[in-house]
Amino acid sequence: MVAECTKRYTIDKFLDVDEFIRRTLVRPTEVLSEYLHRLIQVNVIMPILSWDPDLAYLQNNILSGKILHIDSNVLFSLMQTTHPQHQFLSNLLRATRNDLGVQLLVHEKTISEYHQPIEWANEQFDHYRSRLRDVAETCKRHNERPADYLEESVFADYVSNNLDHIDQGTCRNI
Amino acid sequence: MGTLKTFSIRVDKTSVYVPKDEFEAIKDALVRASKLQMDRGKRSYVKIDPAHDAQMYYWITSARRKRDDGGISLGYDRYLLTLDGSLTQFANLLRIPLTETFFIYPNQWYELAFPFLRIRRARTRVSPLA
């Protein structure tokens, strides 16, 4: 539709379409966001609901057959319970799969890429063990977050979930 | 494999071969994109081995299909769900328009796919992402 309108109304002569989309849809100002939200509610969502109250048609036609390939950085946030995006992504993927029926796939190459830093962390564990134990003790004593002390998120997540038994080692695999 | 089962994520073993010349060009753009992103202070290191990202880009763009009635968003049948901000720079370098990108960020997916769900759930007073 965008391509068709661009051609029909020679939009390219008057504005940069990418820049227009960026400013209005991708990175709108706060005021514009609020305006668009209300505009969409009034002019789009209400008519849609009156036409299709269960939204079944829209879900079936717009989202059916969609496939999301999960990248390794998303796998990381799913695996690391202390990752800032963990809860959001966990809920998002559950709702995507269960409520929208969208297929979720991960390629075996992506799993290999995910495993590389995990294996590195496991290999480095003996070297870092005493430091991790110190961080765990400090965090317990002051009720602080290991992520504030450890740059490597794999170790930070490990310490967060194993504050009382650092010596057992082994980061979680997928 | 517990996490994958929990989220009903299936493992794909499709071949992701990329012709050599294209492979090198894509990898080069991915490295430059990560450097640009680092220069903007948005990431801490340049990608050392972009092979996986290059394979995913080539494979998804080869395998995806555009809907006949494809609108401004979600026009294709498959996307890479990623947190990699440098892919926006990558798309810029390859002159891929915003409506044609092969990747989507979680917040974009949430905004694009869930208005319907939010409304439906709001009517039953349950938030899907609470």
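The structure is a predicted model, in which local features need pLDDT of at least 70, side-chain atom pairs count only at pLDDT 80 or more, and totals for chains, interfaces and linings use all residues. Residues are numbered from 1 along each chain as its sequence is written, while chains are lettered from A and ligands numbered from 1 in the order in which they are written.

Chain A contains 8 helices and 2 strands; helices (H or I, at least four residues) and strands (E, at least two) are DSSP runs, numbered from the N terminus. From that terminus the order is α-α-α-α-β-α-α-β-α-α. The C-alpha trace of chain A spans about 65 × 35 × 30 Å along its principal axes.

Chain A meets chain B through 47 residues of chain A and 38 residues of chain B, contact being defined as C-beta atoms, placed from the backbone, within 7 Å. The elements of chain B that give two or more residues to this side include helix 1 (2-6), strand 1 (9-12) and helix 3 (51-63). The residues on the chain B side are classed as follows.

| Class | Members | Residues on the chain B side |
|---|---|---|
| Nonpolar | Ala, Val, Leu, Ile, Met, Phe, Trp, Tyr, Cys, Pro | 24 residues |

Strand 2 (residues 103-107) of chain A pairs with strand 1 of chain B in the parallel sense over 4 bridges; pairing requires at least two bridges found by DSSP. Within these strands, A:Leu104 stands opposite B:Ile9.

Terms used:
Contact = placed C-beta atoms within 7 Å.
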